[in-house]
Amino acid sequence: MTKDILIVIRKGPYGSFQAAEGLRHANGAISLGFRPIVVLADDGVYLAKTDQDPGQGPWLSLGDTLEEIIARGLYEKKDAPAEFYVEKESLAARGLDPEDLVEDLEPVDSRKVSELLSANSLQLIF
């Protein structure tokens with residue numbers, strides 16, 4: 001039996017470590033036999049934007065990392081695939097189009113995010 005872990009990423013991919021840590025924990029959860037349920041909300045939705053370019057600063061692009069974790073979570077664990085969501089309201093507030101995001105993210109409304117928060121006692125919020 002796989003244990004679910006809800007990982008909510010609310011911080012953007014550049015300027016702080018939270019988004020990278022959220023991805024690291026999602027990847028580690030898969031390796032340890034957990035089934036991550038990843039939600040990108042608030043500035044965390046920027047993590048899902050394709051063709052990210054952090055510029056010449058000290059930050060690394062995390063878009064490819066997210067895509068690898070999604071692929072791992074969906075295709076390595078076919079009996080209990082991970083879930084990957086992006087909050088619609090956060091996308092709209094930041095002017096992002098779901099068509100400009102990495103594949104295999106399911107747009108959901110804030111009500112679904114609330115349901116996920118209520119249903120999962122094991123949570124990490126970044």
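How many helices and how many strands does the protein have? There are four helices and five strands, where helices (H or I, at least four residues) and strands (E, at least two) are DSSP runs numbered from the N terminus. Going along the sequence, these elements come in the order β-α-β-α-β-α-β-α-β. Everything here rests on a predicted model, in which local features need pLDDT of at least 70 and side-chain atom pairs count only at pLDDT 80 or more, while totals for chains, interfaces and linings use all residues. Residues are numbered from 1 along each chain as its sequence is written, and side-chain values use heavy atoms, with hydrogens and water left out.

On overall dimensions, the radius of gyration, taken over C-alpha atoms, comes out at 14 Å, which agrees with the value near 14 Å for a compact globule of 126 residues; the globule rule is 2.2 Å times the number of residues to the power 0.38. Along the principal axes, the C-alpha atoms fill a box of roughly 45 × 30 × 25 Å. Some 40% of the 126 residues count as buried, meaning under 20% relative accessible area, with exposed set at over 50% and partly exposed in between (1.4 Å probe, protein chains only). The protein exposes about 7,000 Å², and carbon and sulfur atoms supply 48% of that area; accessible areas come from the Shrake-Rupley method with a 1.4 Å probe, and for residues only the protein chains shown count as cover.

Now for the strands. Strand β1 (residues 3-9) pairs with β2 in the parallel sense over seven bridges, pairing being called if DSSP finds at least two bridges between two strands. G33 sits in the loop between α1 (18-31) and β2, and is partly exposed at 31% relative accessibility. The C-alpha atoms of G33 and K3 are 7.5 Å apart, although 30 residues separate the two along the chain.

Helix α2 (63-76) contains L66. This leucine has a relative accessible area of 1%, so L66 is buried. Leaving aside residues up to four places away in sequence, L66 touches L23, L40, L47, A48 and V102. The C-alpha atoms of L66 and V108, 42 residues apart along the chain, are separated by 18 Å.

Two loop residues have backbone angles to note. Most residues other than glycine have a negative phi. D42, in the loop between β2 and α2, has a positive phi near 50° and is partly exposed, with a relative accessible area of 23%. D104, in the loop between α3 (88-93) and β4 (106-108), has a positive phi near 70°; D104 is likewise partly exposed, at 40%.

How values were computed: Contact means heavy atoms within 4.5 Å.
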